Amino acid sequence: MKHNFFYFIREGIGNMFSHGFMSFAAIGITVACLVIMGTFSLVAYNVNENLKDLQRENAVLAFVDENLSDEEAKALQTELEKLPNVADCTFVSREEAMDSYLEEYNEDDLYSDLDPQILRHRYVLHLKNLDDMSLTTDALKTVDGIVKIRADQDISTGFLTVRNIAGVISITLIAILLIVSVFIISNTIKLTTFDRREEIAIMKMVGATDGFIRWPFVYEGLLLGLTSAAFAFGLQWLLYRAIAEGIANSDTLQLLRIVPFEQIYVPVAIAFGVVGILVGVGGSLTAIRRFLRV
Amino acid sequence: MIRLTDVVKTYENGTDALQGISFEIEDGEFVFLVGPSGSGKSTIIKLLTGEVIPTSGRVMVNGFSMSIIAERQIPLVRRTIGVIFQDFRLISNKTVFDNLALAMHAVGAGRKAIQSRIPYVLELVGLEGVEKRYPDELSGGEQQRVAIARALVNNPSTIVADEPTGNLDPARSLEIMTLLERINALGATVIVVTHEKGLVDQFDKRVIMIDNGVITGDRVGTYEVGQ
């Protein structure tokens, strides 16, 4: 079967070049589809990474009633830890809070004489999932001894909205663009099969199996898909780097952390390769099905 | 061996192509299948190659029952039959060698087998040295010889020629028929579908006459004898 493999590859490449313009168009459209798909997926991925950072850094502060004694205030820890969605919970006494406050504003002598008694004991809580932040703050409000909650809900809600929109758009686009790519590659291969219909008929007549006839077209689709994936990967890399540099140089967006492409190129390459292969082979199988009914 | 027993073929559009025909062709026979257009000759070829299945009756081709054959076995039957067409059906953008190689590739032949078999078959049909030429560079008679070479290249036991001389002048037609007779002498069963009375009369072979889907004659001799 080795000689058949080379025969199929040779025929597949020949098919691809026999309709150069259509192959070029199919590759162009598939590259566009893959890059659009990749861009939205990478946006969703980066937003998700920033959300994780936010999750790590963004703490909810739960202030303790100043009428409680130090012991009573510390005793709340067990109760707070039991709340769902609380990843960790640290007690910060009013003295520690004052120290950190002074440290933060150490250049300003204005605050140096402040009495820690004006502050409250507090708990610093990290959450497991920012999606459920409002549920957790509601639960905190019901705990006896907790009088005030401070949570930067707006920032996390903003990130969540971007992530969810990017997620929905990328899934929708993936579905639509996959269908478009399969359709385009399928039509390119249909053109080849139409051009070679006499040849197919002769092969059938001399006893070629459907599999034998199918393989060169499958290889053609595979080559179209893989070529598209390779070009799309290169283009995605350039685009990603340009956008990352743009964000890094932007005054308003530079706080966002963009994952370096070098850290994610392997999964991106695999995803593009797999999608390219699926689209190419799917397109070719769709195209040749009806030509095999001889 | 080919055997048709009470074969009826009615197409989906209601056309009764064959109305209960029976005949048998032994291995190594040379048979003319004659009849006017629309008589059912092409349907018989399609039954032999598995392009259509009979509505009723039995069709046996080289050990395969075409009435109940599984789709995946049809290529195996076709490998036992070499088909020649009136319009040659050569691929014009492939050389003679590549046209023949295509047929060998299709049945999974290796490179060495292809390179040794093709010159042999071309010599057999009297076309040595044309491997690198394209079909359009050859005469009609030569193109039909290439088509015969392609039918022979996989060494089938049966050759079915569908109006093989329809596009040729009388002299070239006679040459082609003589070549088919020679191939038959080498052991292959040869079935020639034609309506060229003059040509049939020049060969003292078995003639099966078909008209309106029924056999109207089956004996050795001339077209008239068949009628």
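What pLDDT does chain A average? The points below begin with that matter.

1. Chain A averages a pLDDT of 82, and 93% of its residues score at least 70; pLDDT is the predictor's confidence in each residue, from 0 to 100. Helices (H or I, at least four residues) and strands (E, at least two) are DSSP runs, numbered from the N terminus.

2. This is a predicted model, in which local features need pLDDT of at least 70 and side-chain atom pairs count only at pLDDT 80 or more, while totals for chains, interfaces and linings use all residues. Residues are numbered from 1 along each chain as its sequence is written, and chains are lettered from A and ligands numbered from 1 in the order in which they are written.

3. Chain A contains nine helices and four strands. Along the sequence they follow the pattern α-α-β-α-β-α-β-α-β-α-α-α-α. Of the 294 residues in chain A, 32% are buried, that is, 20 or more other C-beta atoms, placed from the backbone, lie within 10 Å of the residue's own.

4. In chain B, six strands form an open sheet with mixed pairing, in the order β6-β7-β8-β3-β9-β10; two strands pair if DSSP finds at least two bridges between them. Strands β6 (81–84) and β10 (214–221) of chain B each have a single partner strand, so one side of each is left without a neighbour in the sheet. Strand β9 (residues 205–211) of chain B pairs with β10(B) in the antiparallel sense over seven bridges. Within β10(B), Asp218(B) is the bridge partner of Ile208(B).

5. Not counting residues up to four places away in sequence, Leu33(B) touches residues including Ile44(B), Val192(B) and Ile208(B); contact requires C-beta atoms, placed from the backbone, within 7 Å.

6. Where the chains meet, the contact takes 17 residues from chain B and 13 residues from chain A. Helix α3(B) gives the most to the side of chain B that touches chain A, with four residues.

Conventions. Two residues are in contact if their C-beta atoms, placed from the backbone, lie within 7 Å. A residue is buried if 20 or more other C-beta atoms lie within 10 Å of its own, exposed if 12 or fewer, and partly exposed in between; C-beta atoms are placed from the backbone.
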